[in-house]
Amino acid sequence: MELAQTPSGIERLRLYYSRNEGRVAAVFFAAGFTFDIVTTGRIDSWLTIAQQAAYLAVITGILLHMFLEQDQPAPDLAGKSVLVRWYYDYRNALVHFLMGALLSLYAIFYFKSSSLLVSFGFLGFLVVLLLANELKRIQSLGLPFKFALLGLSFLSFAAYLVPIALGSIGLGVFLLSMLVGSVPLAAAAWRVPADKFVRARREILIPLGCVVIGFLSFYYFRLIPPVPLSIPFIGVYHQVERAGDSYRLSHERPAWRFWHNGDQSFYAQPGDKVYVFFRVFSPARFSDQVQMRWYWKDPARGWTLQDSIPIRIVGGREQGFRGYGLKSNYQPGEWKVQVETTDGREIGRVYFDLEAAPQTPRTFNVDTD
């Protein structure tokens, strides 16, 4: 009687993968997300940009190879090298890993470049994509869904790379970035063999077109964060003074209100001015303008615009370009200040409550930035 041979560790892993390919792919997708959170650098780092370009090239090559192999018999891997066998066994998981890394990177950039409401919406969208990847109905879409994700990655890449290259943002720059982001997949679809073009249009061009329409719609409703700009800090102060290469920020905030930036509970004595100080990160050689918009909450009409101040920003400083605006005509109540691009996309905001206070002696705390 022959004894059954115990499978090796590698064979057990292959068996597990074959039975749980969807779950393993999702794990790789999430692993890519986690990996990029740990390794993300500056948005304008050429190393980061080159890494994304390499990921996009690898994913594109694998998906196009899978597209061209459709309707063909499975390749005979007998006698093939370990690398070839590994490629066919794990290429789907590799695509999910690299896709997760790219989308996590763009999620981080978008999170830094907008208010929390918009950022969490985009992050939620990525979570939906991750969960949808587990659904059998979505998996049955096969390559069209993967090409849609790849199109999303190309457009997200171009949406910040083109502004970095041109040193500005705006409608024209955004439309140019959409064109640049569409070129790789559109060119690949047009270069497939003639007998596969109809399928390429259905599985590559239509998903890409849907993603482009989605981006344009989000832009129209100002839901796309203004990458590559971001605001790492914004706060409310009683005084902002330039002191050499630093700024002195005067405030009354007690230490226990550690979650506030400056005087977000602002007690205004006669003659006080309200200062809002911020740092805007922008890439090197970047030069553009932002708007600081002051809103007061009218009890009858809600948030009403009180003032709009244009501020010129220049990029390159590691901690971000420093700027501020002030207001001397105000009234008690709820206030918010939004820093926006010239095309109305919000970069960051701060809320504060302003209360009239009698003239009394006071001592300010001073932070240096």
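Strand β5 spans residues 274-281 and pairs with β8 in the antiparallel sense, over 7 bridges. The model is predicted. Strands of a sheet pair through backbone hydrogen bonds, either parallel or antiparallel.

Now widen the view. β5 and β8 belong to an open sheet of 3 strands, with the order β1-β5-β8 and antiparallel pairing. The edge strands are β1 (230-237) and β8 (321-327), and each pairs on one side only. On average, neighbouring strands of this sheet are turned by 20° against each other, direction ignored.

Next, look at the aromatic rings. F233, Y247, Y275, F277 and Y324 form one aromatic cluster.

The structure holds 15 aromatic pairs. Take W86 and Y90. Their ring centres are 5.8 Å apart and their planes meet at 50°, so this pair counts as tilted. W86 is partly exposed, with a relative accessible area of 42%. Y90 is also partly exposed, at 21%; the cut-off for buried is under 20%, so Y90 does not count as buried.

F258 and W259 make another aromatic pair. Here the centres are 5.3 Å apart and the planes stand at 90°, an edge-to-face arrangement. F258 is exposed: its relative accessible area is 68%.

K336 lies over the face of Y295, at 5.2 Å from the ring centre.

Technical notes: Residues are numbered from 1 along each chain as its sequence is written. This is a predicted model: local features need pLDDT of at least 70, side-chain atom pairs count only at pLDDT 80 or more; totals for chains, interfaces and linings use all residues. Side-chain values use heavy atoms; hydrogens and water are left out. Two strands pair if DSSP finds at least two bridges between them. Helices (H or I, at least four residues) and strands (E, at least two) are DSSP runs, numbered from the N terminus. Axes are lines fitted to C-alpha atoms, for helices over the stretch in contact, and angles run from 0 to 180 degrees between N-to-C directions. Rings of Phe, Tyr and Trp (its six-membered ring) pair if their centres lie within 6.5 Å; planes under 30 degrees apart count as stacked, over 60 as edge-to-face and the rest as tilted. Buried means under 20% relative accessible area, exposed over 50%, partly exposed in between (1.4 Å probe, protein chains only). A charge sits over a ring if NZ of Lys or CZ of Arg is within 6 Å of the ring centre and within 35 degrees of the ring normal.
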